Amino acid sequence: MIDFRSDTVTRPSAEMREAMANAEVGDDVFGDDPTINKLEELGAKMFGKEAGLFCSSGTQTNQVAITVHVKPGDEVICHEEAHVYRYEGGGIARNAGASMRFLRGNNGRINPEEIYDQINPDDQHYPVSRLVCLEDTANRGGGYAYDYAVIQRSAAISKELGLAHHLDGARVFNALAVNGIKSQEYGANFDSISICLSKGLGAPVGSLLVGSKDFIAKARRVRKVFGGGMRQAGIIAAGGIYALENNIERLVDDHKNAKLIEGILSSKSWIDKVLPTETNIVVAHLAGGLNEYAVVEKIKESGILCVPFGKGRIRFTTHLDVSENDIDLLSEKLPHQL
Ligand SMILES: *Cc1c(COP(=O)(O)O)cnc(C)c1O
């Protein structure tokens with residue numbers, strides 16, 4: 001099986017496992033795990049922030065961040081297809097007690113000017129608009145990275161309107177590989193950033209939340225309430241350090257492979273169109289009303305795994321465990337006709 005379902009399916013390499021096996025550990029709830037402390041510092045520094053918090057997943061980093069930024073009854077402004085809304089089990093309502101206001105934008109990315117129309121006036125009838133969440137790259141949109149000028153504009157408008165600015169940066173390093181901006185400069189646009197170590201970077205577990213010292217101190221309390229305080233988790237944090245030190249630069253290979261998949265899919269009669277591929281996510285629209293679940297099952301018979309991605313759409317994702325040879329195999333095996 002060649003697994004294109006997600007960049008979460010990567011398995012830790014021998015070198016990463018060795019780093020994990022040799023990690024120095026301690027009880028992190030007491031602040032005693034040197035490996036976790038090192039990872040949190042490393043991630044924070046990369047994005048020009050004062051502090052970091054190691055969490056079990058990207059959902060947890062996003063949910064902890066949102067819960068710190070808002071009070072129950074407040075409103076979060078995000079894209080209508082944002083992961084924080086669509087794929088986190090209603091966590092914004094459940095965990096933070098906040099409602100949501102949606103922006104249309106394009107391909108999963110917001111148009112910051114829309115914030116002016118969607119922020120609530122200071123009137124007792126309305127929830128207090130408190131936070132803007134961006135996603136870069138934007139998963140549902142097809143893995144597109146924001147133009148850096150749009151990020152800056154969103155930060156400026158949020159600041160002007162007194163709104164906090166959070167980044168769901170599950171794939172932020174894929175975005176930085178496209179826009180060429182240094183992570184520290186980029187990070188200055190956000191109050192908090194969530195970074196997945198367990199996607200294209202290849203660590204088995206974990207995400208990092210970075211922000212100011214004060215913000216992270218509050219986030220640490222919320223993480224504990226969510227049951228996310230971990231003990232000798234330096235073993236997994238070591239995988240995260242290895243990922244940050246070794247697996248960022250190679251993300252461009254994933255982007256190249258995804259571009260090749262775009263070409264392969266485009267040549268199939270059962271594909272109507274493929275969204276222009278920019279990073280490691282390839283989204284294809286099926287031809288003639290084909291059902292996405294049926295197509296995924298059919299392709300599986302040829303030893304290829306991908307996922308349904310909304311009505312009439314399927315998604316392929318490239319990652320650390322997909323080689324150029326796998327792309328050749330895909331080209332050979334993927335049926336011409338369904
Ligand atoms: C994967 C992902 C997350 C977090 O997912 P976890 O599976 O909880 O780690 C958050 N945002 C985006 C855009 C994602 O793709």
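Where does Thr137 lie? Thr137 is found in the loop between β5 (129-135) and α7 (148-160), where helices (H or I, at least four residues) and strands (E, at least two) are DSSP runs numbered from the N terminus. This is a predicted model, in which local features need pLDDT of at least 70, side-chain atom pairs count only at pLDDT 80 or more, and totals for chains, interfaces and linings use all residues. Residues are numbered from 1 along each chain as its sequence is written, and side-chain values use heavy atoms, with hydrogens and water left out.

**The ligand and its surroundings**

- The ligand is surrounded by Ser57, Gly58, Thr59, Asn62, His83, Glu88, Glu135, Asp168, Ala170, Arg171 and Lys199; a residue is near a molecule if one of its heavy atoms lies within 4 Å of it.
- This shell divides into 1 nonpolar, 5 polar and 5 charged residues, where Ala, Val, Leu, Ile, Met, Phe, Trp, Tyr, Cys and Pro count as nonpolar, Asp, Glu, Lys and Arg as charged, and the others, Gly among them, as polar.
- Helix α3 (residues 58-69) gives the most to the shell, with 3 residues.
- The ligand sits in the largest pocket. On a 1 Å grid over the protein atoms alone, a pocket is an open set of points where a 1.4 Å probe fits, with protein on both sides within 12 Å along at least five of seven lines. A molecule sits in a pocket if more than half of its atoms lie within 2 Å of its grid points.

- A polar contact is a pair of N or O atoms within 3.5 Å.
- Thr59 places a polar side-chain atom 2.6 Å from an oxygen atom of the ligand.
- In the side chain of Lys199, an N or O atom is 2.7 Å from an oxygen atom of the ligand.
- For His83, a polar side-chain atom lies 3.4 Å from a nitrogen atom of the ligand.
- On its own the ligand has 380 Å² of accessible area, of which the protein covers 84%; accessible areas come from the Shrake-Rupley method with a 1.4 Å probe.

**Backbone features**

- Asp136 and Thr137 are joined by a cis peptide bond, with omega about 0 degrees.
- Asn107, in the loop between β4 and α6 (114-118), has a phi near 45 degrees, a positive value in a residue other than glycine.
- Most residues other than glycine have a negative phi, and most peptide bonds are trans.

**Residues in strands**

- Ile281 belongs to strand β10 (residues 281-286) and is buried, with a relative accessible area of 1%; buried means under 20%, exposed over 50%, and partly exposed in between (1.4 Å probe, protein chains only).
- The C-alpha atoms of Ile281 and Ala138 are 9.6 Å apart, although 143 residues separate them along the chain.
- Arg101, in strand β4 (residues 99-103), counts as partly exposed at 24% relative accessibility.
- Between Arg101 and Glu80, 21 residues apart along the chain, the C-alpha distance is 8.1 Å.

**Residues in loops**

- Leu161 lies in the loop between α7 and β6 (164-169) and is partly exposed at 25% relative accessibility.
- Leu161 and Ile115 are 46 residues apart in sequence and 9.0 Å apart in space, C-alpha to C-alpha.
- Ser13, in the loop between β1 (2-3) and α1 (14-21), is partly exposed, with a relative accessible area of 29%.
- The C-alpha atoms of Ser13 and Ile216, 203 residues apart along the chain, are separated by 31 Å.

Terms used: A polar contact is a pair of N or O atoms within 3.5 Å; within protein, one must be able to donate a hydrogen and the other to accept it, and residues adjacent in sequence count only if both atoms are side-chain atoms. On a 1 Å grid over the protein atoms alone, a cavity is a set of points where a 1.4 Å probe fits but cannot get out, and a pocket is an open set with protein on both sides within 12 Å along at least five of seven lines; lining residues have an atom within 4 Å of a point.
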